[in-house]
Amino acid sequence: MGIFLFSLLAILCVGGVLGLILSRNQAHSALFLVLAFASLGGLFGLLDAPFIAAVQIIIYAGAIMVLFIFVIMMINLEQGIAPERKRWTLGLSAVLAVFLLIELGLAVRGTLGALGRTGGESIGNPTELGRLLFTDYLYPFEITSVLIIAALVGAIVLVKKKEKE
Amino acid sequence: MIPVSYFFGLSIVLFVLGIIAFFIKRDLITMFMAIEVMLNAANLAFIALAKAAGSPAGQVIVFFIITVAAAEAAVGLAIILLVFRQKKSIKAEDMRLLKG
């Protein structure tokens, strides 16, 4: 059951990212990405992280992608931009991507076997996560709130239209 | 039960796909989406390793990554909007003021 669910979600996720790469239309790309992020949320749930799964669906697939779609609507190109015209850059990037895949695989090969399996005792208890967030990780948590205020103010100042100029 | 290494492998594949998307696509918005894909691949690796180590600390890190990604998306999209207002284009090759 678990392996079936994993395969389904993994295929959906990779398929979503492939759809992002292959589609010309930016709005379609964004919707494919929503699919990929939602199935990633399911994978997080399989990995015993229900709180992060909910956050992934609400913030990533919800809030951030809605932001993307808003900007796509504002920019509103009639048709998408074709991918790179020069054929050799496409081929080169494909070859380099395969190399990177092999390299990453080799780099983590030693650890992969030692990772063990899912199951066993549960670690994803939201109570425990909240306790950790407000004790051991209190300073990062507070600093993140400052970061969000800075990002908010920065975004507003950047996009605001200047008066009389 | 599913081996944790499967999740790790999926995370590597997603990261490489994100890099491919970043280099193949030519408009800024889709390139930005590719960055989000890479961030999510990192998140998946963190959660898989948290499960393997049996410690929820990895999940806390992912919580912070998602928060920072939200802030990054807000600022990045504001910059893209600004670029579009000035240049009337979001093609990456049109941003070449700094090119020698």
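Asp48(A) is placed in the loop between α2 and α3 of chain A, where helices (H or I, at least four residues) and strands (E, at least two) are DSSP runs, numbered from the N terminus. The model is a predicted one, in which local features need pLDDT of at least 70 and side-chain atom pairs count only at pLDDT 80 or more, whereas totals for chains, interfaces and linings use all residues. Residues are numbered from 1 along each chain as its sequence is written, and chains are lettered from A and ligands numbered from 1 in the order in which they are written.

The phi of Asp48(A) is near 70°, a positive value in a residue other than glycine. Asp48(A) counts as buried because it has 22 C-beta neighbours inside 10 Å; a residue is buried if 20 or more other C-beta atoms lie within 10 Å of its own, exposed if 12 or fewer, and partly exposed in between, with C-beta atoms placed from the backbone. A positive phi, near 55°, is also found for Lys88(B), again a residue other than glycine, and Lys88(B) lies in the segment after α3 of chain B. Lys88(B) counts as exposed, because 9 C-beta neighbours lie inside 10 Å. Most residues other than glycine have a negative phi.

Chain A contains six helices and zero strands, and its elements run α-α-α-α-α-α from the N terminus on. Of its 165 residues, 23% count as buried. The domain assignment of chain A, whose bounds come from an automatic or database domain assignment, gives domain 1 (1-78) and domain 2 (127-165), and the centres of these two domains, taken over C-alpha atoms, are separated by 24 Å.

The contact between the chains takes 69 residues from chain A and 60 residues from chain B, two residues being in contact if their C-beta atoms, placed from the backbone, lie within 7 Å. On the side of chain B that touches chain A, the elements giving two or more residues are α1 (4-24), α2 (28-53) and α3 (57-87) of chain B, and the largest share, 22 residues, comes from α3(B). By class, this side of chain B has 48 nonpolar, seven polar and five charged residues, where Ala, Val, Leu, Ile, Met, Phe, Trp, Tyr, Cys and Pro count as nonpolar, Asp, Glu, Lys and Arg as charged, and the others, Gly among them, as polar.

Within this contact, the axes of helix α3 (residues 50-75) of chain A and α2(B) come within 12 Å and cross at roughly 175°, which makes α3(A) roughly antiparallel to α2(B). Axes are lines fitted to C-alpha atoms, for helices over the stretch in contact, with angles running from 0 to 180 degrees between N-to-C directions; angles under 35 degrees count as roughly parallel, over 145 as roughly antiparallel, 65 to 115 as roughly perpendicular and the rest as oblique. Ile52(A), Phe68(A), Val71(A) and Ile72(A) in α3(A) meet Ile29(B), Met33(B) and Ile47(B) in α2(B), and the residues of this contact divide into seven nonpolar, no polar and no charged.

Leaving aside neighbours within four places in sequence, Ile47(B) is in contact with residues including Phe44(A), Leu47(A), Ile52(A) and Val62(B).
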